[in-house]
Amino acid sequence: MEYRIEVRNHWWFDGGIAGLYFVADRIKKEENYNIDLSFDSDGLTIGAEDEEKIREFLESCYSLLASLYWNVSTKSQKDKLELVMYDEETKEFSLAPRRQPTPVVGKFVKGTSWKAHYIEYEDMDDILKGKTDDFTKENKRSLWGGKKNRLLFSLPECQPDVKILPKENIKKQLTCSVCGKLTSNLSEISQPSFLLFASKSAAQSFHTQGNKAAKICWECELLSKFTMDTINYKKDGSTLSILLLNSPNLEHNINNQKKIGSSSVLRSIDNDYFYKNIGFEKDSLINKSRMSYELLWAYFVDTYSVLKSNTVSIETDGNDIFAELLGDIISNPIEIVVIALDEMGQTFITKELIFYNDVSYAYRLIDCFFHKSLDLKNIYNALFEKDNKNNPKPSRNNILRKILNKHCILTDIESLTLRKVYDNKFINVSNMLDFLIEYYLIIKEDIMNREQIDVAVKLGKQIVNQAYRVAGEDKNILKKIKGDLFTLRKTRTVTDFIIQLNTLQFRYGISVSNSILEGILNEVPFEDFKGYCIMGALNSYNFFNSNVKDKGENEDE
């Protein structure tokens with residue numbers, strides 16, 4: 001018999017189908033199930049002797065999933081062993097660790113979600129009460145359930161109950177609001193089915209016409225739980241960031257999960273605290289990301305680095321190395337879904353939801369940077385800033401958002417560099433300038449070419465270099481140069497810019513051909529030219545102001 005699960009064309013539930021495949025494949029190998037698993041672009045097929053075998057197999061898959069994401073214990077809980085257990089057969093007491101869900105699951109698990117096999121203290125006979133009192137007093141422990149005082153016969157579990165392959169009542173069939181199937185086995189749609197669904201009470205409170213909640217079938221309900229296996233997440237303080245790969249082609253989705261997703265070398269498990277399942281390496285950019293577009297950019301850079309390091313000297317015979325490395329990833333539609341959630345009392349709010357579809361562009365851009373030998377980790381760290389209260393500023397996140405959306409970042413980079421240089425914070429301006437120029441030429445080469453950029457950069461360097469030499473390389477001149485650059489930066493027209501240059505020519509003996517300068521300024525955007533001129537000046541200023549070259553200052557966080 002074969003059971004077929006079709007794609008839903010919804011990123012959350014299709015992620016669940018991929019998750020089911022990976023959990024099912026693991027169970028099949030570990031427990032030697034006589035089950036056939038196969039998938040194509042449209043769905044997942046499970047083959048077995050009969051329906052009961054398939055039901056038993058899916059129940060085992062769900063049990064494993066629950067043990068991985070719903071019912072886990074942190075290192076602290078394992079050390080404390082706070083749960084009092086009682087074996088009904090051996091009549092012996094023991095201690096066990098408390099349990100909690102992983103961060104994503106924890107967003108929709110409440111206190112009432114926990115269930116276990118137990119006996120109430122008040123229902124015990126006097127003998128069991130006496131033994132229980134002695135054990136809890138000796139071990140300085142209390143019974144489970146707070147004031148309810150329950151002696152546990154089994155460890156608590158919090159995963160929702162899902163009836164798998166239940167019998168159909170043809171006369172009472174309704175349509176599932178997710179997949180559109182007719183079935184009699186439906187439940188009211190709620191948050192555990194999809195992270196962004198409102199609860200039934202919330203839906204009816206905020207929507208006065210919402211008398212009846214939509215229905216979801218048992219299969220979609222089950223698949224929604226397996227999405228937890230394909231979710232990549234990291235928790236930073238009160239913010240939980242989620243990253244998920246999605247494709248309308250299930251075969252492509254599963255293959256990409258193996259290469260750059262939940263089943264790749266990027267994925268790991270924090271068995272001590274469960275704060276994250278990606279970004280464990282200290283030097284990985286994912287580990288340093290705090291905001292949504294930081295995480296997205298870090299994900300692209302880290303996955304590219306992993307793929308490149310795992311690819312052994314590809315012999316391309318003239319073919320595109322990029323295609324050999326990433327061809328199967330960009331050959332079909334793929335999107336990256338990023339969600340940022342923030343705690344709000346006993347619930348949460350969705351701070352940001354990103355559907356990023358231009359995956360091919362992101363990888364091609366990073367591939368270009370690597371071929372230009374740009375140090376992307378250094379650039380990533382250099383973009384980081386803190387405010388007066390030592391909290392991360394959004395400047396890096398905003399710049400990376402513009403990069404991923406193909407927007408110009410010249411003004412942003414120039415402003416950030418200026419702040420760091422003038423605040424005596426270490427920044428490698430030369431690296432930043434190289435990065436800026438290469439990116440600019442990719443997205444705006446038709447606006448300003450490399451030769452024109454070089455003219456602007458060299459002009460800026462000349463202003464500082466000449467002023468520094470005229471002053472006999474006295475560092476006190478840097479304060480005056482700082483004021484001159486501020487004035488030059490504030491010019492709003494070509495005329496004002498040239499007037500200020502003439503002032504600098506007279507003051508420091510700078511040799512600038514006005515006829516050449518005016519010609520270039522008529523060919524390119526003035527603000528872009530001025531931006532590169534200031535960046536060139538900051539590069540020289542930063543070099544001469546050598547007392548800020550403490551490389552420790554460049555570390556992110």
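The mean pLDDT of the protein is 89, and 91% of its residues reach 70 or more. Residues 548–553 have a pLDDT below 50, and in the model this stretch makes nine contacts beyond near neighbours in sequence. Where pLDDT is low, the predicted coordinates should not be read in detail.

Helix H5 covers residues 126–139. Leu128, Thr132, Phe135 and Thr136 are the buried residues of H5. Viewed down the axis of the helix, these buried residues fall within an arc of 95°, and they therefore line one face of H5. An α-helix has 3.6 residues a turn, so residues three or four places apart point the same way. The packing partners of the buried residues of H5 are strand E4 (83–86), strand E5 (93–96) and strand E7 (150–152). On the face turned away from this buried side, H5 carries the exposed residues Asp126, Ile127, Asp134, Lys137 and Glu138.

Both ends of H5 show a local feature. At the start of the helix, the backbone nitrogen of isoleucine 127 has a side-chain oxygen of aspartate 125 within 3.2 Å. Just after H5, lysine 140 adopts a positive phi of about 55°.

Helix H10 spans residues 292–310. H10 is mostly covered, with 14 of its 19 residues buried.

The largest nonpolar core of the model contains 92 residues. Within this core, Trp297, Tyr299, Phe300, Ile403 and Tyr532 touch the most other members. A second, separate core consists of 63 residues, including Ile35, Val104, Leu223 and Phe226. With its neighbours within four places in sequence left aside, tyrosine 299 is in contact with Leu243, Leu245, Ile260, Gly261, Leu266, Ile286, Ile336 and Tyr363.

Burial is also found in loops. Glutamate 385 lies in the loop between helix H13 (376–382) and helix H14 (395–404). Its relative accessible area is 8%, and because buried means under 20%, glutamate 385 counts as buried. The side chain of glutamate 385 takes part in a polar contact of 2.8 Å with the side chain of serine 395. A further polar contact, also of 2.8 Å, links the side chains of glutamate 385 and arginine 419. When residues up to four places away in sequence are not counted, glutamate 385 touches Asn391, Pro392, Lys393, Ser395, Leu416, Arg419 and Lys420.

Threonine 74 is located in the loop between helix H2 (51–69) and helix H3 (75–80). With a relative accessible area of 9%, threonine 74 is buried. Apart from neighbours within four places in sequence, its contacts are Gln100, Asp272, Tyr273 and Phe274.

Isoleucine 349 belongs to strand E15, which comprises residues 347–356. Its relative accessibility is 36%, so isoleucine 349 counts as partly exposed. Not counting residues up to four places away in sequence, isoleucine 349 touches Ala340, Leu341, Asp342 and Met344. Isoleucine 349 and arginine 401 stand 52 residues apart along the chain, and their C-alpha atoms are separated by 21 Å.

Backbone angles were also examined. Most residues other than glycine have a negative phi, and most peptide bonds are trans. Asparagine 32 has a positive phi near 55°, although it is a residue other than glycine. The loop between helix H1 (11–31) and strand E2 (36–39) holds asparagine 32, and this residue is exposed, with a relative accessible area of 66%. Serine 373, which is not a glycine, likewise has a positive phi, of about 60°. Serine 373 occupies the loop between helix H12 (359–371) and H13, and it is exposed at a relative accessible area of 64%.

Note on methods: Residues are numbered from 1 along each chain as its sequence is written. This is a predicted model: local features need pLDDT of at least 70, side-chain atom pairs count only at pLDDT 80 or more; totals for chains, interfaces and linings use all residues. Side-chain values use heavy atoms; hydrogens and water are left out. Helices (H or I, at least four residues) and strands (E, at least two) are DSSP runs, numbered from the N terminus. The expected span of a helix is 1.5 Å times one less than its number of residues. Buried means under 20% relative accessible area, exposed over 50%, partly exposed in between (1.4 Å probe, protein chains only). The arc is that of the directions from the helix axis to the C-beta atoms. Contact means heavy atoms within 4.5 Å. A polar contact is a pair of N or O atoms within 3.5 Å; within protein, one must be able to donate a hydrogen and the other to accept it, and residues adjacent in sequence count only if both atoms are side-chain atoms. A nonpolar core is a set of buried Ala, Val, Leu, Ile, Met, Phe, Trp, Tyr and Cys residues joined through side-chain atoms within 4.5 Å. pLDDT is the predictor's confidence in each residue, from 0 to 100.
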